[in-house]
Amino acid sequence: MSALARPGAALRAMTVSDLDAVMAIEAGAYSFPWTRGNFIDSLAAGYLALVLAAPQDGIVGYLVAMAGVDEMHLLNLTVAPGWQRRGLARELLDALEARCRADGLSMLWLEVRHSNERARALYARRGFAEVGLRRGYYPAPLSKREDAVVMSLRVQPEAGDALE
Ligand SMILES: CC(C)(COP(=O)(O)OP(=O)(O)OC[C@H]1O[C@@H](n2cnc3c(N)ncnc32)[C@H](O)[C@@H]1OP(=O)(O)O)[C@@H](O)C(=O)NCCC(=O)NCCS
């Protein structure tokens, strides 16, 4: 990992007061970004929402995930364009997996655009398997639709965790 790789960002819960910064990143990172309402609804619903905040630069990445009975569904994972490729997505996914383990959730699920090679590479590298396709799941330019690849990961217990 290079010296640039560790911006010293700290992980904390997302709050409504973060949403100006989050929306600025969201608009720069996606052709079809979430709306402010999507974030407000997620916070109101009590979904897991975490930000990575760097000391001088503020929020540099975030995730939103919805817990189910035995599983977690990752809804949004974003790193600010100027902060990508420094291991921050890995750090956010570490936190998500740790939360799954702490809450006894054994599966992680997500959808990703078929054309999003960076994200698919990130998840594949992380051990996620491509387990399905949702046809026309996402909006695409010129009023077209794009397929989503469904990916899942069995969350491994920490070495030393009690096995029953
Ligand atoms: C996808 C995204 C979250 C990756 O964030 P990141 O902080 O740059 O990723 P990391 O630095 O933690 O990279 C982890 C691994 O992901 C893969 N990866 C990340 N960016 C990549 C790229 N541009 N090309 C190829 N692989 C890439 C690599 O395997 C990388 O490991 P390596 O650097 O050791 O090779 C980021 O590019 C992003 O926010 N993109 C826009 C929003 C988005 O597409 N989110 C995902 C929606 S499902």
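**Close-up views of a predicted model**

**View 1. Secondary-structure elements around the ligand.** Strand E4 (71-79), helix H3 (88-103) and helix H4 (117-126) each contribute at least two residues to the shell around the ligand. Helices (H or I, at least four residues) and strands (E, at least two) are DSSP runs, numbered from the N terminus. The model is predicted: local features need pLDDT of at least 70, side-chain atom pairs count only at pLDDT 80 or more, and totals for chains, interfaces and linings use all residues. Residue numbers start from 1 along each chain as its sequence is written.

**View 2. Residues of the shell.** The ligand is surrounded by 19 residues, the closest being Val79, Gln84, Ala89, Ala121 and Leu122; a residue is near a molecule if its C-beta atom, placed from the backbone, lies within 6 Å of it. H4 supplies the largest share, 5 residues. By class, the shell holds 10 nonpolar, 4 polar and 5 charged residues. Asp, Glu, Lys and Arg count as charged, Ala, Val, Leu, Ile, Met, Phe, Trp, Tyr, Cys and Pro as nonpolar, and the others, Gly among them, as polar.

**View 3. The open sheet.** Seven strands follow the order E1-E2-E3-E4-E5-E7-E6, with mixed pairing; two strands pair if DSSP finds at least two bridges between them. Strand E1 (10-13) and strand E6 (129-140) are at the edges, each with a single partner strand, so one side of each has no neighbour in the sheet.

**View 4. The pairing of E6 and E7.** E6 pairs with strand E7 (residues 144-154) in the antiparallel sense over 8 bridges. Arg134 stands opposite Ala148 in E7.
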